[in-house]
Amino acid sequence: MVLALMAPALWNGFPLIFPDTGGYLDRPLFGTLGLGRSALYGLFLYAGAPFAFWPNAIAQSVLTVWLIVLTLRANGLGGRPWLALGIVAMLTVGTGLPWFAGQLMPDILFPASVLALYLLTFRAEQLARWEAIALAAVIAFAIPSHMAAAGMCVAVVAALCLLTRFKRLALPRPRLWFAASSVAAGIALCPISNFAITGSFAFTPGGSSFLFGRLIEDGIVARYLDDQCPDASLRLCDYKGTLPDDADGWLWDSDSPYRILGDEAGLSDEEHAITMASIRRYPLLHATTAVTAAVSQFFTFQTEIGVDNNAPTVHMFGEHFPRLFAQFMRARQQADRFDVAPLNYLHVPVAALAIAGIAGALIFRRRLNIAPEAAALCLTILLALASNAAICGIFAHPVDRYQSRLVLLAPFVMAILVARRRADRLGSPRNLA
């Protein structure tokens, strides 16, 4: 199973990278905080540098396999190695899972944290003490590794706290306190880990700038500047005619006003002032664009991998890992610039059908005789997908990667439902040990 999840990285000849990978590795190297780049995850990557980062890809794959097997066991499908292998093989071919497991990015921690939340909340009685502690550690590590994971986990726990009060749902008795404590520990670890690695006791910066980028993309900032300028208190008035028209252009283009005026350190107060003033002036526009962004993000989940815009990471490897640079550049991702887009002819319909399937399983759970623990898994995954779409769509902007790193759980849940139904029809006893 681990080899299956490692297949794309092994074929590539080097763990997969992304334009952001270099930004994570910069944090422990320079001892600074970076825009949306976790110092803790950067340290995790840096620890694997002596072995060409293969320990990182292996650790992420092993973690994923462990969570898959644990979730199968918690749903009465334990002790079936061929079933587990078949499901992992299906996920390897039919989803983007192996492309995230073997990538030097914290994206794989999103599905990992969701499965950990489910297991701690609904199947805690089936777990050994060490397993529960390890699951809590997964959540506590995932949150400071990417701040969007913090918002998603808080939203899922809050929603489960409300929904599990409805007896009509007939869910297993939840134990939210341990899951909630793990989330709280992860949030506390954000500034603590940043202080330990960079000397700055602060959360990973960039949240307001990512939101501002979405307001740029939706035209709200341009409209506000048209209405407000000239205004000596707004330096962006000088650039209102040359504002980028998309969030990525605002945040990352070298000629963007954001870069010219000093990134977040130089613009955070002005970004905040424009955001709050525009909310007061155009509340309906803010509401409609936020809802549109969240809905758009929910349905935006093509598998993608960076091949054309990895220059920041390539430069970083050349500067700081010269011993690995030749091997790094020989990898197919750098040498051949392969395209994974054709995979989406399979990945997108598989994910879409699986989302519809788990929604249908919840709606018709009594008619289909869906077990309570399986229904709880369906609910947890749907809540995570909705929460992730709202957080990433509204506070950043809709991007395929943001949802594709999580939507791969939907086919996994459908595989569990099918396997459970088949086991029940064959009269096999449910293994809940």
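Colleague: By class, how many nonpolar, polar and charged residues does the lining of the second largest pocket have?

Modeller: This is a predicted model, and in it the second largest pocket has a volume of about 260 Å³. Of the 15 residues that line this pocket, the closest to its centre include Leu368, Ile370 and Arg421. Sorted by class, the lining has 8 nonpolar, 2 polar and 5 charged residues.

Colleague: Which helix gives the most to the lining of the second largest pocket?

Modeller: Two helices, H20 (344–363) and H24 (409–425), each supply at least two residues of that lining. The one that gives the most, with 7 residues, is H24.

Colleague: Which helices do the buried residues of H20 pack against?

Modeller: The buried residues of H20, meaning those under 20% relative accessible area, include His347, Ala351, Ile355 and Ile358. These buried residues of H20 pack against H5, H16, H21, H22, H23 and H24.

Colleague: What is the radius of gyration of the protein chain?

Modeller: The protein chain has 24 helices and 0 strands. For its 433 residues the globule rule gives 22 Å, and the chain comes close to this, so it is as compact as a globular protein of that length, with a radius of gyration of 22 Å.

Definitions and conventions:
Residues are numbered from 1 along each chain as its sequence is written. This is a predicted model: local features need pLDDT of at least 70, side-chain atom pairs count only at pLDDT 80 or more; totals for chains, interfaces and linings use all residues. Side-chain values use heavy atoms; hydrogens and water are left out. On a 1 Å grid over the protein atoms alone, a cavity is a set of points where a 1.4 Å probe fits but cannot get out, and a pocket is an open set with protein on both sides within 12 Å along at least five of seven lines; lining residues have an atom within 4 Å of a point. Grid points are joined across faces, edges and corners, and a volume is the space filled by probe spheres set on the points. Helices (H or I, at least four residues) and strands (E, at least two) are DSSP runs, numbered from the N terminus. Ala, Val, Leu, Ile, Met, Phe, Trp, Tyr, Cys and Pro count as nonpolar, Asp, Glu, Lys and Arg as charged, and the others, Gly among them, as polar. Buried means under 20% relative accessible area, exposed over 50%, partly exposed in between (1.4 Å probe, protein chains only). Contact means heavy atoms within 4.5 Å. The radius of gyration is taken over C-alpha atoms; the globule rule is 2.2 Å times the number of residues to the power 0.38.
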